[in-house]
Structure formats: C-alpha cells, structure tokens
Amino acid sequence: MKVAVLGAGAIGAYVGAALHRAGVEVHLIARGPHLEAIRKSGVMVLSPRGDFVAHPHATDDPSEVGPVDHVFLGLKANHYAASGPMIKPLLHEATSVIAAQNGIPWWYFHGLKGPYEGYRIESVDPGGTVTAALPLHRAVGCVVYAATEIERPGVIRHYEGTRFSIGEPSGEPTARCAEFSEAMVAGGLKCPVETDLRRDVWIKLMGNIAFNPISALARATMAGICRHDGARELVRSMMTETVDVARRVGCDPGISIERRLRGAEKAGEHKTSTLQDLEKGKPLELDVLLAAVVELADLTGADVPTLRAIHAVSDLLNENLVRAV
Ligand SMILES: NC(=O)C1=CN([C@@H]2O[C@H](COP(=O)(O)OP(=O)(O)OC[C@H]3O[C@@H](n4cnc5c(N)ncnc54)[C@H](OP(=O)(O)O)[C@@H]3O)[C@@H](O)[C@H]2O)C=CC1
Ligand SMILES: CC(C)(CO)C(=O)C(=O)O
C-alpha cells in the first residue's frame with residue numbers, strides 16, 4: 001500500500017510518521033523550512049505515548065511520488081480548492097482521498113438520501129471548486145480526535161487523542177476504508193470505520209464551532225475558555241444552535257451539551273488549530289466551521305443568533321489577517 005500525505009503539517013506529518021512506522025510506503029508532501037527539516041532529520045513526534053522519529057520520503061513535488069492508493073489530505077480546508085494540480089499526479093483510477101478536516105466536508109450531502117441530497121454548500125465548496133479538485137467518488141471522510149502542533153520545523157507535538165474515524169459518504173464498509181484503517185491501527189492509531197460518519201462530523205463540530213473562533217478572538221486555550229463562566233455559557237449557546245441545525249439536516253449528534261463540553265475541557269491548555277494559525281499570522285479555517293453552519297441555518301430556517309454574531313466578528317478578524325499577509 002502506497003500513501004501520500006498532501007499537506008504534512010501538524011496532523012498530516014503525525015499520521016504519516018505513524019503509518020511509516022507500521023511499514024507503509026509513505027510520501028510526505030510539505031514545503032518550506034518544515035520540509036527541509038524533515039528531509040534532514042525525519043519527522044520527530046513528541047507524545048505522551050512515547051517519542052519517536054520516522055524517516056519517510058518527503059518532497060514538495062507530487063510528480064516525484066506518482067500515483068498512490070490513498071491520499072491523506074492534511075491541508076487546511078481553505079487550501080482544498082487550489083489543491084487540484086498538486087493532487088493530480090497522485091491519482092490512479094482507484095485512489096481514495098481521505099480528508100482530515102474539521103467542520104462540514106465538501107462531500108456532506110453527496111449520497112445522503114433526503115431533501116438536501118446533492119446540495120452544494122457554497123461556503124465549503126465555492127462555485128464547485130473543491131469538488132472539481134477532489135472528485136466526490138474519491139472522497140473518504142475523516143473526523144480527527146487528536147490534537148497536535150508543529151512545535152518547530154520537523155517536530156510534531158502530540159498532545160492527546162489518537163482516534164481518526166473514517167467512513168464513506170454512502171456509509172458502506174468498503175475495502176479501501178478497511179485497508180487504510182488496518183494500516184492506521186498497525187501504526188498505533190485508532191481508526192474505526194463508521195457507517196454514519198456524519199454523526200461524528202457534528203459531534204466534533206459542536207466543539208470546533210465554539211472553541212476555535214472563541215480561542216482566536218480571546219487568545220484563550222480550551223481549558224481557559226471553560227474556566228470563564230461567560231465564555232462557557234457562550235460555548236453552550238453555540239453548541240445548542242449547532243445541534244438544532246444538525247437535526248434540521250437530518251442528523252442527531254445524540255450527545256448532551258454538558259458531555260460534549262466536558263470532552264473538550266479534557267484537551268486542557270491546548271491552543272486550537274485556529275489560535276495556532278492566528279499566532280502564525282495565517283488565514284483562519286473558519287468557513288467550514290461557522291460560515292457553513294450559518295449557511296445551513298439559512299437553508300433550513302434555523303434561528304442561530306449566537307453563531308451569526310461570532311461568525312461576523314471572526315470573519316472580520318480573518319479579513320484583517322488576510323489583508324495583513
Ligand atoms: N492540529 C490539530 O490538532 C487538528 C487539526 N485538525 C484539522 O486537520 C487539518 C490540518 O490541520 P493542521 O495539521 O493543524 O494544519 P497545518 O497548517 O499544521 O498543516 C497543513 C500543512 O500543509 C502545508 N501546505 C499548505 N499548502 C501546501 C502546498 N501547496 N504544498 C505543500 N504543503 C502545503 C502547510 O504548509 P505552510 O505552513 O507553509 O502553509 C502546513 O504544513 C485541518 O482541517 C484541521 O482543522 C483537526 C483536528 C485537530
Ligand atoms: C481543539 C481540537 C484539537 C479538538 O477540538 C481541534 O480540533 C483543533 O485544534 O482544531
């Protein structure tokens with residue numbers, strides 16, 4: 001089995017290192033000083049589960065890699081639309097694209113029976129550009145329950161969590177999912193193949209939709225947000241509105257707000273990936289989190305005043321960041 005990790009950043013390099021450790025042929029696609037450090041010294045993973053170094057092949061040129069069985073997409077979602085030329089050399093007829101993405105994926109309504117089947121979410125897939133780069137038949141969903149960070153070029157700090165739930169948009173238990181899952185497990189990760197990954201998407205999103213923008217706006221860690229009574233209440237409101245939207249598009253996350261809050265609290269003094277991006281002056285990955293759910297609220301008639309307000313201020317923050325880059 002041959003795997004390319006396109007966007008071998010905090011999550012991608014962590015997964016690539018784990019797969020390589022399991023004996024999989026792994027090619028990391030990265031860039032800049034991070035790529036140079038990996039080429040020189042490999043990927044060093046610092047983890048409470050034990051540190052290790054892996055030396056997979058690393059490049060910035062996908063045509064050096066050629067077609068692979070699975071592309072693990074570790075890019076931020078706002079890079080998906082432009083990823084077409086990068087991904088093309090990696091594809092053969094049956095290559096799957098497994099996207100480790102927070103928020104609502106571009107494939108969300110693909111093959112979902114009901115009134116919204118085939119609906120394209122503009123804030124996730126503007127003008128169909130993401131679907132053009134990442135064709136729907138190749139898409140395998142992945143919900144990431146791990147927290148990692150690039151501590152310095154070539155060095156990944158793993159904080160907690162090893163679960164990468166995967167699943168087909170159709171819910172079918174396919175051979176391609178089974179093959180990837182087995183390799184992940186061999187690499188020491190958890191990789192259940194779900195028949196209803198959309199439920200995981202919403203459970204994860206209940207946390208990200210609140211913690212990620214608040215963490216950037218307040219420059220607070222997950223635990224810091226939970227400790228502040230007002231911010232904790234804000235998280236509750238955002239989660240409640242999100243669950244309403246999820247149910248309106250036919251998915252009940254089936255978890256209480258308090259349980260979800262306690263789960264997020266366990267991440268401790270972790271800086272969300274959005275806060276990490278803010279600190280690095282990078283654009284924020286908020287369209288697939290907030291804008292997408294506000295768009296779905298408009299589609300379904302849900303009342304989401306808190307999501308709308310936080311979306312407006314975090315969008316302004318993002319606009320200012322993008323202007324400054
Ligand atoms: N980090 C975490 O704990 C979690 C992340 N996620 C999700 O995982 C996904 C990835 O996040 P994360 O790993 O944190 O993001 P990172 O920014 O750490 O990783 C993305 C990597 O892709 C690289 N990249 C971008 N464009 C190119 C290109 N054209 N060629 C080569 N490399 C490129 C980036 O390089 P550069 O820095 O130069 O732009 C960066 O190293 C996101 O959707 C995120 O929401 C989900 C749960 C937890
Ligand atoms: C906070 C965390 C690790 C889990 O909710 C995450 O998904 C992110 O940083 O974007």
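Colleague: Where does arginine 219 lie?

Modeller: Arginine 219 lies in the loop between helix H6 and helix H7 (222–227). Keep in mind that this is a predicted model, where local features need pLDDT of at least 70 and side-chain atom pairs count only at pLDDT 80 or more, while totals for chains, interfaces and linings use all residues. Residues are numbered from 1 along each chain as its sequence is written, and chains are lettered from A and ligands numbered from 1 in the order in which they are written.

Colleague: How do you know whether arginine 219 is buried or exposed?

Modeller: We count C-beta atoms, placed from the backbone: a residue is buried if 20 or more others lie within 10 Å of its own, exposed if 12 or fewer, and partly exposed in between. Arginine 219 has 12 such neighbours inside 10 Å, so it counts as exposed. Its phi deserves a look too: the value is positive, about 50°, although arginine 219 is not a glycine. In general, most residues other than glycine have a negative phi.

Colleague: And why is arginine 323 called exposed?

Modeller: Arginine 323 has 7 other C-beta atoms within 10 Å, so it falls under the exposed label. This residue is found in helix H12 (residues 305–324). For the chain as a whole, 47% of the 325 residues count as buried.

Colleague: What makes a stretch a helix or a strand?

Modeller: Both are DSSP runs numbered from the N terminus: a helix is H or I over at least four residues, and a strand is E over at least two. By that rule, the chain comes to twelve helices and nine strands.

Colleague: Why are strands E8 and E9 said to pair?

Modeller: Two strands pair if DSSP finds at least two bridges between them. E8 (residues 139–152) and E9 (residues 155–167) are joined by ten bridges and run antiparallel, so they meet that condition. In one of these pairs, threonine 148 has histidine 158 as its partner, and in another, isoleucine 150 has isoleucine 156. The hairpin of E8 and E9 has two residues between the strands, and glycine 154 takes a positive phi near 85° there.

Colleague: Which strands are called edge strands?

Modeller: The open sheet has nine strands in the order E4-E3-E9-E8-E7-E6-E1-E2-E5, with mixed pairing. Strand E4 (52–54) and strand E5 (57–59) each pair on one side only, and they are the edge strands. The twist averages 35° from one strand to the next. Such angles run from 0 to 180 degrees between N-to-C directions of axes, which are lines fitted to C-alpha atoms, for helices over the stretch in contact.

Colleague: How do you know which strands helix H5 touches?

Modeller: Two residues are in contact if their C-beta atoms, placed from the backbone, lie within 7 Å. Helix H5 (residues 175–186) packs on the sheet, touching strand E6 (68–73), strand E7 (91–100), E8 and E9, and its direction makes about 150° with that of E9. H6 packs on the sheet as well, touching E8 and E9, at about 35° to the direction of E8.
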